[in-house]
Amino acid sequence: MQAGNVIYEILAVVEERHRSAWELYMRTEHVPEVIAAGGFLGASLLRGEPGRYRVRYVAPDRAQLERYRREVAPALRQAALDRFPDGVALDREEWDVVAGW
């Protein structure tokens with residue numbers, strides 16, 4: 001990670017009844033599909049308190065993130081919503097990397 005990269009984070013709060021299936025879906029389908037679409041340098045899935053997850057993607061620059069959001073994200077978001085129509089609350093944030101070590 002270096003200056004100029006953009007971190008795209010999704011905070012997910014997942015109800016207990018969906019946790020196992022949601023985590024498996026993210027690990028085996030959704031995140032790999034996002035990475036395969038191009039535009040990200042990498043990703044990580046983090047688990048915090050029960051039911052709280054962060055998915056962190058690293059884009060090389062804002063232009064690549066915007067391309068993903070415009071061309072790829074709508075279909076992948078719909079696929080996730082079709083799989084989990086309720087019980088998952090999402091919040092998205094973007095962070096500009098100022099420096100990396």
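Which residues does Glu-23 touch, not counting residues up to four places away in sequence? They are Leu-45, Arg-47 and Tyr-53, where touching, or contact, means heavy atoms within 4.5 Å. The legends below take this contact as a starting point and move on through the structure.

This is a predicted model, in which local features need pLDDT of at least 70, side-chain atom pairs count only at pLDDT 80 or more, and totals for chains, interfaces and linings use all residues. Residues are numbered from 1 along each chain as its sequence is written, and side-chain values use heavy atoms, with hydrogens and water left out.

**View 1. Glu-23 and its polar partner Tyr-53.** Glu-23 sits in helix H1; helices (H or I, at least four residues) and strands (E, at least two) are DSSP runs, numbered from the N terminus. With 13% relative accessibility, Glu-23 counts as buried; buried means under 20% relative accessible area, exposed over 50%, and partly exposed in between (1.4 Å probe, protein chains only). Its side chain makes a polar contact with the side chain of Tyr-53, at 2.9 Å. A polar contact is a pair of N or O atoms within 3.5 Å; within protein, one must be able to donate a hydrogen and the other to accept it, and residues adjacent in sequence count only if both atoms are side-chain atoms.

**View 2. Trp-22 and Tyr-53, an aromatic pair.** Six aromatic pairs turn up in a search of the whole structure. Rings of Phe, Tyr and Trp (its six-membered ring) pair if their centres lie within 6.5 Å; planes under 30 degrees apart count as stacked, over 60 as edge-to-face and the rest as tilted. Trp-22 and Tyr-53 form a tilted pair, 4.8 Å centre to centre with 45° between the planes. This pair links distant parts of the chain, with Trp-22 in H1 (residues 19-36) and Tyr-53 in strand E3 (residues 52-59), 31 residues apart. Both Trp-22 and Tyr-53 are buried.

**View 3. Phe-40 and Tyr-57, within a cluster of rings.** The ring centres of Phe-40 and Tyr-57 are 5.1 Å apart and their planes stand at 40°, so this pair is tilted. Phe-40 lies in the loop between H1 and strand E2 (42-47) and Tyr-57 in E3, so the pair ties together parts that are 17 residues apart in sequence. Phe-40 is buried, and Tyr-57 is too. Ring pairs join Tyr-8, Phe-40, Tyr-57 and Tyr-68 into a cluster.

**View 4. The open sheet of four strands.** The strand order is E2-E3-E1-E4, with antiparallel pairing; two strands pair if DSSP finds at least two bridges between them. E2 and strand E4 (88-96) stand at the edges with a single partner strand each, so one side of each has no neighbour in the sheet. From one strand to the next, the twist averages 15°. Six bridges join E2 and E3 in the antiparallel sense, and the bridge partner of Ala-43 in E3 is Tyr-57. H1 packs on the sheet, touching strand E1 (6-14), E2, E3 and E4, and its direction makes about 5° with that of E3. Axes here are lines fitted to C-alpha atoms, for helices over the stretch in contact, and angles run from 0 to 180 degrees between N-to-C directions.

**View 5. Asn-5, in the segment before E1.** Asn-5 counts as buried, at 4% relative accessibility. The side chain of Asn-5 reaches the backbone oxygen of Pro-60 at 3.1 Å. Leaving aside neighbours within four places in sequence, Asn-5 is in contact with Leu-41, Val-58, Ala-59, Pro-60, Trp-95, Asp-96 and Val-97.

**View 6. Helix H2 and its bend at Val-72.** H2 (residues 62-83) bends by about 60° at Val-72, and a proline, Pro-74, follows within four residues. The bend at a residue is the angle between axes fitted to the seven residues ending there and the seven starting there. At the N-terminal end, Asp-61 caps H2, with a side-chain oxygen 3.2 Å from the backbone nitrogen of Ala-63. The buried residues of H2 are Leu-65, Arg-67, Tyr-68, Val-72, Ala-73 and Leu-76, and they pack against E1, H1, E3 and E4. Leu-81, also in H2, is partly exposed, with a relative accessible area of 44%.
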